[in-house]
Amino acid sequence: MKIKVYDKVKWHADNGIPKEIAIHYLDKLMKWLNNKGLLSEYGKEILKVGVDSDFSLTSTMLNEKGNKLLEEYYDLWLKTIDPFQDIDFSLLEFYLQHIK
């Protein structure tokens with residue numbers, strides 16, 4: 001099984017976003033994914049350890065439904081958010097309703 005990398009703290013930092021902001025954003029995303037039941041057991045373990053500057057969000061951290069959601073909609077949603085503002089999950093929530 002090929003592992004897909006959806007996002008990394010480093011990618012945001014490379015685009016001029018301070019690491020602390022990128023860590024905060026990805027931590028909130030992981031918590032949202034967990035609350036929606038989209039993390040795998042491994043993803044839950046990683047969430048307990050915490051998001052740090054080396055964090056990468058990968059397909060192994062998600063269950064089947066979580067991978068479908070991010071595979072189809074993550075890039076679209078990512079374009080709509082501002083990591084310097086409160087993260088709005090409403091569009092991702094809308095997309096989640098369309099995942100079987």
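Welcome! Ile17 is buried, with a relative accessible area of 14% (buried means under 20%, exposed over 50% and partly exposed in between, using a 1.4 Å probe and protein chains only). This is a predicted model, where local features need pLDDT of at least 70 and side-chain atom pairs count only at pLDDT 80 or more, while totals for chains, interfaces and linings use all residues. Residues are numbered from 1 along each chain as its sequence is written, and side-chain values use heavy atoms, with hydrogens and water left out.

**Around Ile17**

- Ile17 sits in the loop between helix H1 (9-14) and H2; helices here are DSSP runs of H or I with at least four residues, strands are runs of E with at least two, and both are numbered from the N terminus.
- Setting aside neighbours within four places in sequence, Ile17 is in contact with His12, Ala22, Pro83 and Phe84, where contact means heavy atoms within 4.5 Å.
- From Ile17 to Lys65 the C-alpha to C-alpha distance is 29 Å, and the two are 48 residues apart in sequence.

**Where H2 meets H4**

- Helix H2 (residues 19-35) and helix H4 (residues 64-78) have axes that come within 15 Å and cross at roughly 140 degrees; axes are lines fitted to C-alpha atoms, for helices over the stretch in contact, with angles from 0 to 180 degrees between N-to-C directions.
- That angle makes H2 oblique to H4 (under 35 degrees counts as roughly parallel, over 145 as roughly antiparallel, 65 to 115 as roughly perpendicular, and the rest as oblique).
- On the H2 side the contact is made by Tyr25, Leu26, Leu29 and Trp32, and on the H4 side by Leu69, Tyr74, Trp77 and Leu78.
- These contact residues of H2 with H4 divide into eight nonpolar, no polar and no charged; Ala, Val, Leu, Ile, Met, Phe, Trp, Tyr, Cys and Pro count as nonpolar, Asp, Glu, Lys and Arg as charged, and the others, Gly among them, as polar.

**Aromatic pairs**

- The count comes to six aromatic pairs, a pair being rings of Phe, Tyr or Trp (its six-membered ring) with centres within 6.5 Å; planes under 30 degrees apart are stacked, over 60 edge-to-face and the rest tilted.
- Tyr25 and Trp77 form a stacked pair, 6.3 Å centre to centre with 25 degrees between the planes.
- Tyr25 lies in helix H2 and Trp77 in helix H4, so this pair ties together parts that are 52 residues apart in sequence.
- Both Tyr25 and Trp77 are buried.
- Trp77 and Phe89 have ring centres 5.5 Å apart and planes at 20 degrees, so they are stacked too.
- Ring pairs link Tyr25, Trp32, Tyr74, Trp77 and Phe89 into a cluster.
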